[in-house]
Amino acid sequence: MSSVDNQPHASDAIDHKAERSPPSRLVLRRLGVDTYQEHIVYMRADCHVCRSEGFEARSRVRVSTGGKSLLATLNVIKSELLGLDEASLSEAAWVLLAARDGDVIEVTHAEPVESERFVRAKAYGERLPDRALSAIVNDIANGLYSDLHLAAFVTACAGNRLDLDETIGLTRAMIAVGDRISWPYPIVADKHCVGGLPGNRTTMLVVPIVAALGLPIPKTSSRSITSPAGTADTMETLAPVNLDLATMRRVVEREGGCIVWGGNARLSPADDILIRVERPLDFDSEGQLVASVLSKKLAAGATHAVFDLPVGPTAKVRSREAAKRLGERLSKVGAILGLNARILETDGSQPVGRGIGPALEARDVLAVIQQDASGPTDLRDRALHLAGHLLELGGRARQGEGARLAAEALETGIAWEKFQAICEAQGGMRAPPRAEQLHPVVASSGGRVATMDNRRLAKVAKLAGAPKSPAAGIDLHVRLEDRVEAGQPLFTVHAQSRGELAYALNYVAAQRMIIGIVE
């Protein structure tokens, strides 16, 4: 038996409630500090609470007010920014507690989080049984982990440190702590790309095509993790995506599909929290990736799904071997948990379409679905390929006939009609914004475009402000194998401010081979 199993259970822990000191009170003052979603409480180092409770910087404390409470990390202030009887909270904590200026908070020592011992065990190479994974995921979903402990869990599972059984256990645990939708349809379709390929907004084309042809597809999508835009970020430039579960259900029942942000639907809340720390770490593990993807597909009620695995030297999946290994795990875990999956390896050697960034990617999607001559053919072809396989998998098309049927939906205009209807059902369609600052990046010499670095191109778009500034990003003007002349624009940087534009251009100037040109 592993050392994890030999450790005492949470139920064996000593009850410290009787030993706690009485609550210590401070008056709230809002400072407007944005820590993304991390819960932080700010107090003076010399205030009576810090001194009487023995609090130090980075202490974990429980903050309570108005019948609500949360665990927070203490940041200590050694100045007069706050008064001796005052405290403040990060914006995320203000919202969760529904607190107001002048409210009184009670601050006490946080209870020990028993599942953290399982994280330590994993860091030392132990296998985690289902009950350990369930305990960890429950505590994460309940907000008991600090960002430091979340990062420790993500790191302990990085690479290939989760085996098949652990991946299954983690997926089940993630599903269990969230909501789960059931649909009155025998087949419910879904589609997912593992990422790493800028501009790959096929979801926004696949959903209306498939829904228009009668296959229900309630698509929940993520926001950007390490990319300049997630599908939810891009869709949000055209229609609302922050739909709750009831509204999402109404949209699907009315139109046969939706494209919404999964976080607001609370389908896999622990995964949404883990994504918060994966973003700055800029990595995830194969097992966590599989658990993340499948937990949301299964929670959304999917029965059949197509998975797009772009393979390329600068994509997330770098080799055919890695794609095969990831595809097998997706298929195996999916089958065990009731999902019929089809894995498609696709070309990940260069970005898809021309735009990289929410508004620019939305522009490409609209051009394709409206059958504008300017629409990127690679985005169109890839979307038809994926939609065709999904139609075949879901029984709407015979094998080998799916892509043709999907193309007809595009060409006859029923996909465009369905897309508009979905947008209206989600709250109304709007035009994507345009950036105020544009600057072309030109070729220093003539020749053939031999390489395109997906990661560096994505970095330029992020430095320009994407996805926080929806109009920011880059507009590509060349493709692999194109011939270019010296001084010809390779891409144009779009930004909302001069500072962000300069930041992105400074990065471009310091890099080589973002786009490789050979004589």
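**Briefing: sheets, a crossover unit and a buried serine**

An open sheet of 4 strands runs in the order β12-β15-β17-β13, and its pairing is antiparallel. The edges of this sheet are β12 (355-356) and β13 (437-442), each of which pairs on one side only. The model is predicted. Strands of a sheet pair through backbone hydrogen bonds, in either a parallel or an antiparallel sense.

**The open sheet and its helix**

- Strand β12 is joined to strand β15 (residues 473-476) by 2 bridges, and the two strands run antiparallel.
- Within this pairing, Gly355 stands opposite Asp475 in β15.
- Helix α19 (residues 454-463) packs on the sheet, where it touches β12, β15 and β17 (489-495).
- The direction of helix α19 makes about 130 degrees with that of β15.

**The parallel pair and its crossover**

- Strand β10 (residues 304-311) pairs with strand β11 (residues 340-347) in the parallel sense, over 8 bridges.
- Pro310 has Thr346 in β11 as its bridge partner.
- Together with helix α14 (residues 320-336), strands β10 and β11 make a β-α-β unit, which is right-handed.

**Ser268**

- Ser268 lies in the loop between α11 (262-265) and α12 (269-281).
- Ser268 counts as buried because its relative accessibility is 0%, and the cut-off for buried is under 20%.
- Leaving aside residues up to four places away in sequence, Ser268 touches Met174, Ser295 and Lys296.

Definitions and conventions:
Residues are numbered from 1 along each chain as its sequence is written. This is a predicted model: local features need pLDDT of at least 70, side-chain atom pairs count only at pLDDT 80 or more; totals for chains, interfaces and linings use all residues. Side-chain values use heavy atoms; hydrogens and water are left out. Two strands pair if DSSP finds at least two bridges between them. Contact means heavy atoms within 4.5 Å. Axes are lines fitted to C-alpha atoms, for helices over the stretch in contact, and angles run from 0 to 180 degrees between N-to-C directions. A crossover is right-handed if, with the strands pointing away from the viewer, the path from the first strand over the helix to the second runs clockwise. Buried means under 20% relative accessible area, exposed over 50%, partly exposed in between (1.4 Å probe, protein chains only).
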